[in-house]
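Me: Please take a close look at the charged side chains and the aromatic rings, and at the parts of the chain that they join. I would like one connected account.

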Amino acid sequence: MGTSTKIKTFLLLLFICTSVVRAQQEIIGLVTDKEDGMPISGVQIIIKDTIKNTIVKFTQTDGEGRFSIHQDRKDTSHCLLCLSMLGYKPWQYSLKDGKQNFQIKLVPSIIQIKEVTVKAQKIREAGDTLIYTVSAFADVQDKTIGDVLQKMPGIDVSATGKISYNGVSINKFYIEGRDLLEGKYGLATNGISPADVGAVEILENHQPIKALQDLSFSSQAAVNLRLKDKSKAKWVMNLLAGGGISTHPDKGLWSGELFAMQMKKEWQNITLYKTNNTGKNLETEVNDFIAGKDPVKLEDYINVGNVSVPYLEKGRTLFNRSHLFSTGWLWGLKNEWEIRSQINYLNDRSTAEAETSTTYYRSVQDRIIHEEKQSVTHTDQLTAHFSVEANKEAFYLKNNLKTSLSWNDINISMQEDASGIMQQASQPQYKVSNDLQLIKRPGKWLFSFTALNEGQWRPQSLRVEWGNTIRQRTKDRYFYTHEEANLGIQWGRLNISLAGGGSALFRDFDSSLEGLPDSLGTMINALTTNYQSLQLTPKLEYKRKRWEGKLEAPLQYYHYSFAHAATNKHVYLFSPSAYFRWHTTPKLYLFLRAGLSTDPCDLHSLYNGLVMTDYRTLSRGLNEYAAVKSRFLSGGFNYKNPVKGLFTHVMVMRSWDDSDKQYGRDFSDKYIIGYYTHHPTTSNNWTIMGTVTSNLDFLHGMAGINVMYINSEQSMISENDRTSFRTGSLHTTGRINGRIGEILNWQYRVSYGWNRLDADEQVNRKLEQWCHSFAMTVVPVTRVNVQLAGEYYRNEVSENIFKDIVLLDAKCSYTLTPHTELSATLMNVFNRKKYSYTIYGQLSSVEHYRRIRGREFLLNLYVKL
């Protein structure tokens, strides 16, 4: 065959192949909700012949809203691509132009069928993902996505801003699938407008590390915010500016916020500045809610600040001048690499006024101390982190460099039984850490390596003027390092791994105390507490259909070196644990946990001199090693029915602790001395918690209830007598909300609780607390909404003696333009001044009277850009 013949044959075959390919073309597309931008699964897709009025091809979208359908090109001139889905308007497109790739946005609709209303679901389920449509839960008064999250069944937002899903805290918070804020998601929930968010996704059983998926299961969920198309790839800003007056404090008020966000495919940024003196707490916005436990459990020895106020919203008692700046960046690189950086700076000055009456229960005669306090606290806090991460199916790498610097100065002037007292505390903390994690997954094998190095320094001081001058200085500093390697293999449905590594701690603690009688004890501490440890942890994980199980058996060896009176120690610790989960149905699973553990030595209480906690309280530590052995057993169930919006979580836990140390308390003249002695002691605890939330379609709202019960049996030494006592508390909260069209929305919350102290015939008391709160928003005319919010507290401060207080707030808002709102707010209309409550402690009770913010009037201008 000649060359020209071969060429002609090749061209003929190429033409035939091309014709076949052209004759069978694939039409592909993505179908999303026009309002929230979320993919829609189960959409019916047909290609219809308009001449013959017949269906040529048909299919439906998958769980990600995608579809593909093959079509003969000769039919396109008289064919329509038609989409239909219950709750959405029909969509169609003529195929005569040969278009093959579609991005289709369906418009939600309400369909009347014989007095039955069918509309797009508020909650949709796609595999392990629940999709909440934000517009179905948002109301006119909601300014942040955090306001809306609290109305979504199954999702709970605590007073500090921590998010839980069906009773379990989340392990990640994403925006457009990326972890920009790394645990400090309060910056987003208190800044992002619900008008910018189409949907909130709950990613159930979320394993954030791709290399560990199918190897290490998770019982925690993640939250992902899906932004609307109009809010992507451009700067989105919210601006708030306000001013007003207050009766207490008697001064002018201000409030200002600037929130800027841009979410692009290549990078993300959130930058904000907030300032106010209206009682809004900015510190919680930079809390890290996902950070793991600190491996070095050290605390401040000096503690002169005010205690938190139960039930009452913190802003009622916060007399502040606060400033917060934050900027966070994420850059997406090639091959799934990401770089993150974040800087947060908080400056806060707060004052407080309080009266306390503390009763220490004693076998002979109770001791009562009455105090009046006025405090001023100055706080500066600077945190920063820089991380590099690659998250692939076969490879994971993350290095996270963090620093936290804080300066906390407290000045307290007080009166105790006509005696004038002054306290000044300086409590800086400086911390730097670097955390490296590397995972390789070649086939069925897995190799990982982790390295954590951190250092901290706390040079703190306390000065007391009480007849004479008392001065104390403490210096607590340490360096901690931990390295661990892990080897695992996937063997059928069984995952087997063995981790081994070592850690070391080098710590110095020095303190000096001047101005107290030498008869009280040693006033100087100068000690070194070091340890080196080795760890070996075998682990088994099993998952088969409805069953999941995990067994761990960590074995640790510690060598302690003490450069003071304590004797060096060699210790072996064994802490096995087991976890099982059974999915009885797709909606219900049961779980069981059990374990034994031995905690390493509590280095915070290991010292042999006196340390002053506040003007009256001294503490004396142990001078030898002591450990705590624990046993626990817990179980419960988790139920969800997203279609009905019903979510339930119940957990019961029983624990027992055996300790080598016993806490005691003595009284010496005007001082109270707390101490530890080397004596075996046992305590046991019950914990019961549960949550239930459900949609109430007939009210266009939801209802829920949270229950927390804790009971503890323990003992202490009081003036050389060993006393057993029991403490218990119950806290229940019920809530319900609803709407009447666009005219009115409302919410009601009721809380009931008690706390109890029983102690060997010395005391047997229980105090109750009630709180009712109601909020209502009315839209009488277009552009105007009026909000009323009231709270009623009834607290039992002593047996059968109750303190009642009613607080009322009012707000009127006027929409100037679609993006601008002017509002006037009147807080504490009745100008109440004090809030009272009593709590029980270790053989003691404290009755508090806290000054609350007086009547305030504030004008705000809100602009959405």
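Reply: A salt bridge here is a side-chain nitrogen of Lys or Arg within 4 Å of a carboxyl oxygen of Asp or Glu. The model is predicted, with local features needing a pLDDT of at least 70 and side-chain atom pairs counting only at pLDDT 80 or more, whereas totals for chains, interfaces and linings use all residues. Residues are numbered from 1 along each chain as its sequence is written, and side-chain values use heavy atoms, with hydrogens and water left out.

By the salt-bridge rule the count comes to 43. One of these joins aspartate 196 and lysine 864, whose side chains meet at 2.9 Å, N to O. Aspartate 196 lies in the loop between helix H3 (186-189) and strand S16, and lysine 864 lies in strand S50 (residues 856-864), so this pair ties together parts that are 668 residues apart in sequence. Helices (H or I, at least four residues) and strands (E, at least two) are DSSP runs, numbered from the N terminus. Aspartate 196 has a relative accessible area of 2% and is therefore buried; lysine 864, at 12%, is buried too. Buried means under 20% relative accessible area, exposed means over 50%, and partly exposed is in between (1.4 Å probe, protein chains only).

Arginine 581 and glutamate 548 form another salt bridge, with the closest N and O atoms 2.6 Å apart. This pair links distant parts of the chain, 33 residues apart: arginine 581 is in strand S34 (residues 577-585) and glutamate 548 is in strand S31 (residues 547-552). Both residues are buried. Arginine 581 also lies over the face of tyrosine 589, at 4.8 Å from the ring centre. A charge sits over a ring if NZ of Lys or CZ of Arg is within 6 Å of the ring centre and within 35 degrees of the ring normal. Lysine 670 has its charged end over the ring of tryptophan 466, 4.0 Å from the centre.

Arginine 794 belongs to strand S45 and aspartate 804 to strand S46 (residues 801-817), so the pair ties together parts that are ten residues apart in sequence. Arginine 794 has 30% relative accessibility and so counts as partly exposed, and aspartate 804, at 43%, also counts as partly exposed. Salt bridges can join into a network as well, and one such network links Lys105, Glu176, Glu201, Arg226, Asp229 and Lys232.

Arginine 441 is a contrasting case: this residue is buried yet has no salt bridge, and the nearest side chain of opposite charge, aspartate 214, is 5.1 Å away. Arginine 441 sits in the loop between strand S26 (429-440) and strand S27 (445-466). A polar atom of the arginine 441 side chain lies 3.0 Å from the backbone oxygen of alanine 211.

Now the rings. Rings of Phe, Tyr and Trp (its six-membered ring) pair if their centres lie within 6.5 Å; planes under 30 degrees apart count as stacked, over 60 as edge-to-face and the rest as tilted. The count comes to 33 aromatic pairs. The rings of tryptophan 267 and tryptophan 329 have centres 5.6 Å apart and planes at 35 degrees, so this pair is tilted. Tryptophan 267 lies in strand S20 (residues 267-276) and tryptophan 329 in strand S21 (residues 319-332), so the pair ties together parts 62 residues apart in sequence. Tyrosine 301 and tyrosine 607 form an edge-to-face pair, 5.6 Å centre to centre with 85 degrees between the planes. Tyrosine 301 is in the loop between S20 and S21, and tyrosine 607 is in the loop between strand S35 (588-599) and strand S36 (610-612), so that pair ties together parts 306 residues apart in sequence. Tyrosine 301 is buried because its relative accessibility is 7%, and tyrosine 607 is buried at 4%. Ring pairs also link Tyr531, Tyr558, Tyr560, Phe562 and Tyr625 into a cluster.

Technical notes: Lys, Arg positive; Asp, Glu negative; His and termini not counted. Polar contact = N/O pair within 3.5 Å; in protein donor to acceptor, adjacent residues only side chain to side chain.
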